[in-house]
Structure formats: C-alpha cells, structure tokens
Amino acid sequence: MKTKILVCRAIFPALVERLSTHFDVDYNDQDAALPAEQLAARLADKVAAITLLSDRIDAAVLARAPALKAVCNVAVGYNNFDLEALTGAGVMATNTPGVLDDTTADTVWALLLASARRVVGADKWLRAGQWQGWQFHDNWFGNDVHHATLGILGMGRIGQAVARRALGFDMRVVYHNRHRLADDAEQACNATWVSRDELLREADFLVLLLPYSPATHHLIGASELAAMKPSAHLINVARGGIVDDDALIDALQQRRIAGAGLDVFENEPALDGRFLTLDNAVLTPHIGSSTYATRLGMASLAADNLVAALSGKRPPNLLNPSTFAG
Ligand code: GLV
C-alpha cells in the first residue's frame, strides 16, 4: 500500500503525476485554499503534505494528524506554519528558498520603477482620453531612481539580488539586517550596513524583505513612516502585516511619503478599500514569484523536499533540523 499524502491546492499536473508514482495522492485540484475544517479532515490520515501559503498548519491541525511526518510549503515564507508546534510534534517543515530570488527581485524593481515614475497613473490617464498634447513642466513628474539611495530592510538572498540590480542605476545602497553581511557579500552588491533609524531616514526607496512573525508585526507603522523622507517610496513584496496598513494609507493620503508599491497586504485578499482610492500607490495581487518557470521550480523543490523526507533523507530545505532523525 502506498503512503498517503495530501496536495492541499492546485499545483502542476506533471508534479502530481510524479508524486503519484511514489504515493497515494489526495489532490485538491482547485486553486483555492481548503477551508480550515476540510484541511484538517483531509490531513488526518496523511503522512505528508504539499502546502501553500494559504494553508495554516498549527497545533489544532497537528492534533488531528498523528501520522504526519512532513509539511512542504511551496513558498519561501512559512508564516502559515506554527513552526514551534510542528517541531514539538516532530513534523518536518520545509520551504522553497533560492528558486524565487531573481523573480521576486524583478518584481521589486517593477514596483519601484512604476511607483517612482507614476507608470500606472499615467497609463490610466492616457486610456481615459485625458492626453491633449505633450507637456513640459506639468508632465507627470516622478522621482529619479538613478543615483538615488536604495534602502533594504531584510538583506537575505532576495535583498542581495535587489541590491545587485541597483548597480545598473548607479544607486547608493544601504541596508539593515540583524546580521551584517560578510565583507565580500557587501562588496558584491555595493551595500553598506546602517542602523534601522538611518535606513528610514536615508532611503529614497525603502524595500521590505523580512519574514513575517510576531517580531516583525507592524514593524513599519506611523512613527517609521514619519521618519521617512516625504519624497520616499515604500516597496513591500514580503508579507502584509509587516506594515501597519492603516498608518500607510494615512501617510499616502497626507503625502507624508511620495508613494508605495505593494504586492502584499494585511488580511489579503480583503485589502482595505481605501488603497483603491490612492493615486500614489501601485498595487499588485501577491505576484512576487509569479512566472511559470519560477512557480514550477518552487513546486518541484517542494516535491523534492517531500520525497526526501519520506525516504529517510534530510530534506534540502528543512526548517526545523531537530525533527530529522538521520
Ligand atoms: C511568497 O510569498 C513566498 O513566500 O514564496
């Protein structure tokens, strides 16, 4: 009898086929999260699961899934996992770092450039038939990106990929991270470590690339936004919840900062309706890693993690090493 696994949400058919050669796969082929009760019920007799960032795995779910050995997220972020509860239950947890770094860094730049140069507003204005003739001094002035200061909060792999791209824009790059990068890594992306206060004060473009956790909840709120330059733009492709959306909407409405490029929101997809009225925010629906090749790479890596976990091998992206018996 094959081992039972759950694929919690529609991924790629070829991967489900690959998993089916090893396992008895219970597949939710809808691209919608299972409601919490259904997720718990379908996990109850499973040994492992491929999960998406919309699937909450916590102590209550684990209590109903005594055979569970591994949950393999198709995402680099894993705030949908209660990692402490998973570790306590001896369940391996994995994520998909690395394969999405460049694509997500590209998304940062798409939002940054769009926000700085008001691309979305200008496009809407043109489509609305408002363009009567070329203008010189009232012509959708934006902010220069070249030679500006890029500030990165959270300097992991994606942060470094964002910083490397700034070399082509002749920017000064400053960053803040709990751990300072090694000298050669700093040099490779021409980045200088600064305190968090200095980062907020100095950045013309502040890019958030931190994981979301209780420690980073509302890390950017009213006082942090007040510390930023009035000409600055905030770019968030990390997680909603790192920013206090209420405070951000207020700052954008009052033009206390110039603009924002946002791919993630608190309580997404039910974002605060006031965002929709802002002409100085560019909004995208959590598409940071969304190219076919990258999403396929992420799903393949999650499948690799799952196959390793159930073959007694250490999964390549194990988040809680103490669960691996070796
Ligand atoms: C996407 O948000 C991810 O964490 O991979």
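Predicted model: local features only at pLDDT ≥ 70, side-chain atom pairs only at ≥ 80, totals over all residues.
**Entry 1: α5 and α7**

I noted the hand of their crossing as right-handed.

Next I asked which residues make the contact. From α5 come Asp-101, Asp-102, Thr-104, Ala-105, Asp-106, Val-108 and Trp-109. From α7 come Arg-157, Ile-158, Ala-161, Val-162, Arg-164, Arg-165 and Ala-166. I sorted the residues of this contact by kind: seven are nonpolar, six are charged and one is polar.

**Entry 2: the sheet**

I turned to the strands. In what order do they lie in the open sheet? I read β2-β1-β3-β4-β5, five strands with parallel pairing. Strands of a sheet pair through backbone hydrogen bonds, either parallel or antiparallel. Which strands form the edges? They are β2 and β5, the latter at residues 92-94, and each pairs on one side only. From one strand to the next, the twist averages 15 degrees.

**Entry 3: β1 and its partners**

I followed β1, residues 3-7, to its partner β2, residues 23-27. Five bridges hold this parallel pair. Val-7 stands opposite Tyr-27 of β2. I then traced the chain between the two strands: from β1 it passes through helix α1, residues 13-22, and on to β2. This β-α-β crossover is right-handed.

β1 also pairs with β3, residues 48-51. I found three bridges here, and the two strands run parallel. Leu-6 stands opposite Ala-49 of β3.

**Entry 4: helices on the sheet**

Which strands does α1 lie across? I listed β1, β2 and β3. α1 runs at about 140 degrees to β2.

I also looked up α12, residues 292-310, which packs on the sheet. α12 touches β1, β2, β3, β4 and β5, with β4 at residues 70-73. The direction of α12 makes about 170 degrees with that of β3.

Key. Residues numbered from 1 in each chain as written. Heavy atoms only, no water. Pairing = 2+ DSSP bridges. Helix = DSSP H or I, 4+ residues; strand = E, 2+ residues; numbered from the N terminus. Right-handed = clockwise from strand over helix to strand, strands pointing away. Left-handed = near helix turned anticlockwise from the far one by under 90°. Contact = heavy atoms within 4.5 Å. Nonpolar A, V, L, I, M, F, W, Y, C, P; charged D, E, K, R; others polar. Axes fitted to C-alpha atoms, helices over the stretch in contact; angles between N-to-C directions.
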